Amino acid sequence: MLLKHTTADIKERKALTVNPAKTCQPIGAMYAALGIHGCMPHSHGSQGCYAYHRSALTRHYKEPVIAATSAFTEGASVFGGQANLLQAIDNIFTVYNPDVIAVHTTCLSETIGDDIPQIVNKAKADGRIPADKYVIHANTPSYVGSHVTGFSTMVKGMVDYFSEANGHKEKTINIIPGYVEPSDMGELKRIAAKMKIRTILFPDTENVLNGPMTGRYKMYPDGGVTIDRLKMTGNGMGTLALGRLASGAAARALDVKCKVPCEILNLPIGLHATDMFIDTLRRVAGVNVPDALTIERGRLLDIITDMHQYFHGKRVALMGDPDQLLSLTQFLVALDMRPVYIVTGTPAGKKYLKALEETVKDVPGKVRIQAPGDMYLLHQWIKQKSVDLMIGNTYAKYIAKDEDIPFVRFGFPIFDRIGHSYFPTVGYRGGMRLLEKILDAILDRKDRDSDDITTELVM
Ligand code: SF4
């Protein structure tokens, strides 16, 4: 009973978060930066933050994660980190030779008030940035927002620094994939390629954080969107931003900067959200949906039909990132499941809450939603009335274990399982995988709880 002190009695809390349902901003910024080919993420702050952020990503993706740090000590903490960052820019280009350094800040450098654009301009004026190289930045104070905010800000930084419009529209569509797994980014590209649509997906961590074992270490793996292609995003026919919280800001910035119209969609998790993604791609690109995708959709429908009897009426508790939760909730409702408790640690705003409430409006009984909320509150709700299934990241497993609830790992971070970054959960194929995981968890519990007489061979 690791969480034995959680009580069912809920006291009002305003300033205290217990067991947060989020991680810190720079982790998201670092993840986004790794989606640029030849990029060295740089943490402008102390070594402790940097070590934590790198290790969080390594533990989730089970891959080496490169990054550098300004390594603040007492002097920089008092007088500011300009000298450290200038020295770091020198060292990184000399020793590691990246195409771009993507600087993000930490709580410490934000509290000091370091002006990163001013420092980068000084580095440029001092000749510390080679002619064909770049330094970009994102402000990521972690006392606001979450890893989703950090991701969003770094992706917007890519638009601010790189996107250009040269007056010639290209027949390409930009896709901003949201804070999803490298395999999801690959799946989005596969779907677009099946529709014969040329896309620029950014950031793109496929083959960066889910690459093959070759026996040779590459500091800059083959994957990632190149800077040339990032520049071309300004000439696209349109932008599809998947997940308003993680991708909306960059898409709107691209619209304002280069007049590339954007559509902000839910993450394509589950049947209806994938339908919407594919239909929007079809409309914006002016193409038809190929039979191959219609067949994939039919397979997902077939699995839903076969599994529906086990899903119907099951009470589910969800925690995780807001964009994922919205699409996942929509998917569960379509399966006739009952998402009764939903918690995200990321402040998501009134518009988001409205969309979530609209999604669950026909779910029978009371649905509790907290955004932002924490896992202590989620645990208290569960103590008051339990659920049949929990879906969330690794940290939710303590609640599932204490309360003996079937548990499906989904989202970020997942530290205690391996392989998730190789299998998508977006698109029709991703939907099939999610359904298999959910049904396995439910039926494994049924098998465990059945005695010799009631154990079924065929279910
Ligand atoms: S919350 Fe702030 S101080 Fe803590 S690890 Fe994140 S950036 Fe560093």
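Is leucine 2 buried or exposed? Leucine 2 is exposed, because its relative accessible area is 56%. Exposed means over 50% relative accessible area, buried means under 20%, and partly exposed lies in between (1.4 Å probe, protein chains only). This is a predicted model, in which local features need pLDDT of at least 70, side-chain atom pairs count only at pLDDT 80 or more, and totals for chains, interfaces and linings use all residues. Residues are numbered from 1 along each chain as its sequence is written, and side-chain values use heavy atoms, with hydrogens and water left out.

Leucine 2 sits in the segment before helix 1 (25-33). Helices (H or I, at least four residues) and strands (E, at least two) are DSSP runs, numbered from the N terminus. Together with Tyr395 and Tyr398, Leu2 makes a nonpolar surface patch of about 280 Å². Patches take residues with over 30% relative accessible area and no salt bridge; nonpolar side chains (Val, Leu, Ile, Met, Phe, Trp, Tyr) are joined within 5 Å, like charges within 9 Å. The areas come from the Shrake-Rupley method with a 1.4 Å probe; for residues, only the protein chains shown count as cover.

Aspartate 440 belongs to helix 17 (residues 427-449). Aspartate 440 counts as partly exposed because its relative accessibility is 39%.

Now look at charges that pair. Side chains of opposite charge can pair when their charged atoms come close. A salt bridge is a side-chain nitrogen of Lys or Arg within 4 Å of a carboxyl oxygen of Asp or Glu. The structure holds 26 salt bridges. One of them joins aspartate 9 to lysine 11, with the closest N and O atoms 2.8 Å apart. Aspartate 9 is partly exposed at 48% relative accessibility. Lysine 11 is exposed, with a relative accessible area of 57%.

Another bridge runs from glutamate 296 to arginine 429, where the closest N and O atoms are 3.8 Å apart. This pair links distant parts of the chain: glutamate 296 is in helix 12 (residues 291-311), arginine 429 is in helix 17, and 133 residues separate them. Glutamate 296 counts as buried, because its relative accessibility is 4%. Arginine 429 is at 42%, so it counts as partly exposed. Some bridges share partners: Asp90, Lys122, Asp126 and Arg128 are joined by them into one network. Lysine 361 and aspartate 362 also meet in a salt bridge (4.0 Å, N to O). Both lysine 361 and aspartate 362 are exposed.

Next come the aromatic rings. Rings of Phe, Tyr and Trp (its six-membered ring) pair if their centres lie within 6.5 Å; planes under 30 degrees apart count as stacked, over 60 as edge-to-face and the rest as tilted. By this rule there are nine aromatic pairs. In one of them, the ring centres of tyrosine 341 and tryptophan 381 are 5.6 Å apart and the planes stand at 40°, so the pair is tilted. Tyrosine 341 lies in strand 10 and tryptophan 381 in helix 15 (residues 375-384), so the pair ties together parts 40 residues apart in sequence. Tyrosine 341 and tryptophan 381 are both buried. Ring pairs also link Tyr31, Tyr61, Phe151, Tyr179 and Phe412 into a cluster.

Phe412 leads on to the backbone. Most residues other than glycine have a negative phi, and most peptide bonds are trans. Phenylalanine 412 and proline 413 are joined by a cis peptide bond, with omega about 0°. Proline 413 lies in the loop between strand 13 (407-409) and helix 17. A cis bond also joins phenylalanine 202 and proline 203, with omega about -10°. Proline 203 is in the loop between strand 6 (198-201) and helix 9 (227-232).

Which phi does alanine 71 have? Its phi is near 50°, a positive value in a residue other than glycine. Alanine 71 lies in the loop between strand 2 (68-69) and helix 3 (74-79). Aspartate 336 has a positive phi of about 70°, although it is not a glycine. The loop between helix 13 (322-334) and strand 10 (338-343) holds aspartate 336.
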